[in-house]
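Please open the model in a viewer and keep the selection panel at hand.

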Amino acid sequence: MKWTGLNDLREAYLSFFESKGHLRLPSFSLVPNNDKSLLLINSGMAPMKKYFTGEVTPPRNRVTTCQKCIRTPDIERVGITARHGTYFEMLGNFSFGDYFKHEAQPWAWEFLTKTLEIPAERLWCSVYEDDDEAADIWVKEVGVDPTHIVRLGKEDNFWEHGQGPCGPCSEIYFDRGEEYGCGKPTCGVGCDCDRYMEVWNNVFSQFNNDGNGNYTELDQKNIDTGMGLERLACVMQGVDNLFLVDTVQNIMKHISKIAGKTYGDNEKDDISLRVITDHIRSTTFMIGDGVMPSNEGRGYVLRRLLRRAARHGKLLGIDRPFLAEVCDTVIGENRNCYPELAEKQDFIKNVISNEEENFYKTIDQGLAILNTFIEKADTTVLSGDDAFKLNDTYGFPLDLTREILAEKGMTVDEERFQALLTEQKNRARAARKQSDTDAWAGTADLFEDVPATKFVGYTDMTANAQVLAIAKAGERVEAAEEGDDVIIVLNTTPFYAESGGQIGDKGTITVNGAEIVVTDTKKNTQAVFMHHAVVKSGELNVGNDVVASVDTARRQSIMRNHTAAHLLQAALRSVLGTHVEQAGQLVNADRVRFDFTHFSAMKPEEVEAVEAMVNEKIMEGITVTMEEMAIEEAKKLGAMALFGEKYGDIVRVVTAGDFSREFCGGTHVDNASKLGMFKIVSESGVAAGVRRIEAVTGTGVLALLNENLRTLNETAAILKANNVADLTAKATQVMAESKEKDRVIEALNAKIAANSVNDLANNAVMVGDIKVVAAKVEGADSGALRTMCDKMRDSAGDAAVVSVLAGVADGKGTLACAVTKSAQAKGLKAGVLVKAVAQVAGGNGGGKPDFAMAGVKDMAKIDEAISAVAGIVEAQLG
């Protein structure tokens, strides 16, 4: 048994099972594909569930993988102990109705004892208590010492998850030695101490559970093997935990260097080092698979991990964003097995940097406010209202609040917090208009027994077809008549179903004089195309032979916009950099909306450069081709895949000259010249690190030009310009005249103020040794009031003078207050004073100590407010 690096162990395992006739598959994405039961892939078997259930045919009956996994139920425990981690890799060999125990068990033993040369005497095997077959194979066929076989009960060695396939397990344990044991006489396999480490788990899926505890033998028996790569590395490297494994240690050493710390010197620092090491592994792989920071779902998991890592960086004394630097080491340690990390390196680092920098802007403020709440708390429980305010107003997550409080021996009222969060979500939900797609909810299940639709719309806008099914009001029916709102399934269709951001086709279905208007097209997960339609005239029956016709003009507009999206992405990557990735799109007949990853608003010259580049390709008339090919061939050609998307073995590649090549199942023009022209309408932000461009092509550009010209003509008429060409000169003239009028008005206000100031000062009253001027000035707006107050303050010299003036202009009541330095020295502040006066008239306001303004709500009480000034001054002096 010799020391072996983690990357070498992975390769050794996969190569071993390739030699046993297994197909090596790359790791599936961490983002589940068509599986809403999981937030993130958490086991080697998880992405292959449909292979086991028979819903999808596997590429081969024998498969081996090393699967990226993330588990997050114990995030708060990560770092506290060296056992917990969120990211890990699972080695697996799988049989889908092919081999079973007689092959799986000997191969496991062969790999461990022959390939890795682990001494047999240090290995133990557990079997389910009633699984004599597995026990006999271990002893009689493999040659395992019978004293090293342990039978365990259903809780430990039987895998099942409610109703469905299930079966016994057989695990292989490595004996780490007596020094890791608990010392109890009963210490052995299954003990809670650290001596016996499980390294291999064979699940024998051989029964079906009917949900009532009744088990029947499966016709097709399966093998599901799981072995933690990091755990196996611990054995082969003779270390106590995953954080000491070579590749993981290299990441930790980078963090330690930045922080100026040494792992093992201080337990508190060690916790932070483990937190950052684990979380930067998870986040790097998550972003690499297309997960973006957000406030819900897997995006929130990512954000939470990044923020927790950033906070522990601060605890280590790192006072700057640093996680992107460590990301380089994570990618360096994993790039051979996961080359996509290197391909996305700039993008991954940009996402991490952007998120960390945003968190740095809020964490100090949030920590200060949390500390204030803690100091005020008269119990060991922080109120849910305070926690919610931290979360809602300052973006300080509850889990971070909870963790910081725990360090201080406190908890938080999470019940109240959740109640407030629910109220907020309900308000948002009520304010949100229901999406049109709600009408499609549940329709897919109506057509489970219908075969997949043959789509011919790449080449044909019209097709002969047969009606396979009709649904009305959520139920299958045999016929539909005039006025019915229905969903129709055909055996063949030219109608494109909404997918990949391209909206569904509209058009007509005709038969025997009947006309059915198709208003939308979608498809379910079984590739059954559902035509949402209204029977305009006549009758439609299941079994009818019909003619399906797409609205050609509309489709052609969509095709232009979809091809424009491809050209746009290529231009963006050329102008902004290769970190640009598609983050979403909507392609319809009117325009293209393209979301992409970028971390700042585009400069006007960048927008112009992108637009010019797309138009250049249109003018060149570059050819656009669509071709199906093997995914590996497409990757070799450099075709871009949608970030985080899972593809089959055969993909459709759309190529525009030598400018753009992408995986795409949408419809496109065959030559860029058919776009006519491309015009960017807007560029804006939609989320952190995500920008949006909206653009038009073809007749859409013409419509935009006409609309803009109409606006210009209307504006020219309003400004009394002779024509649009004179508009700039006329607008300049009008603005100059306006500025001159403003100047004259300001001068008049100053004269009025100067004349009024003396009159107002003569009516001043003394409050102690403070001279108080309080008056209502008819027709004075906020500008005039400010000018008058300034003059009174400036003319007062060293005297202690307070001026409070009120005015009503354009139906709006305003208060202005000025306080000289001498009056400020006696404790008076303009902001405090004007606020108190305004409240008499139902208003509010504030400002600086020398000058402040306030609004008045109840105009009828302005005189009362002015009369109250002297008393308020006296009260504030006291």
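Select K349 first: at 23% relative accessibility, this residue counts as partly exposed, a class lying between buried (under 20% relative accessible area) and exposed (over 50%), with a 1.4 Å probe and protein chains only. The model is predicted, so local features need pLDDT of at least 70 and side-chain atom pairs pLDDT 80 or more, whereas totals for chains, interfaces and linings use all residues. Residues are numbered from 1 along each chain as its sequence is written, and side-chain values use heavy atoms, leaving out hydrogens and water.

D328 lies in helix α10 and K349 in helix α12, so the pair ties together parts 21 residues apart in sequence. Helices here are DSSP runs of H or I with at least four residues, and strands are runs of E with at least two, numbered from the N terminus. D328 is partly exposed, at 29%.

Next, select D449 and R476, which form a salt bridge at 3.0 Å, N to O. D449 sits in the loop between α15 and β12, and R476 in strand β14, 27 residues apart. D449 is exposed at 57%, while R476 is partly exposed at 36%.

Finally, which residue forms a salt bridge with K472? The partner is D484, with the closest N and O atoms 3.2 Å apart. D484 is buried at 10%; K472 is partly exposed at 34%.

Notes:
Salt bridge = Lys/Arg side-chain N within 4 Å of Asp/Glu carboxyl O.
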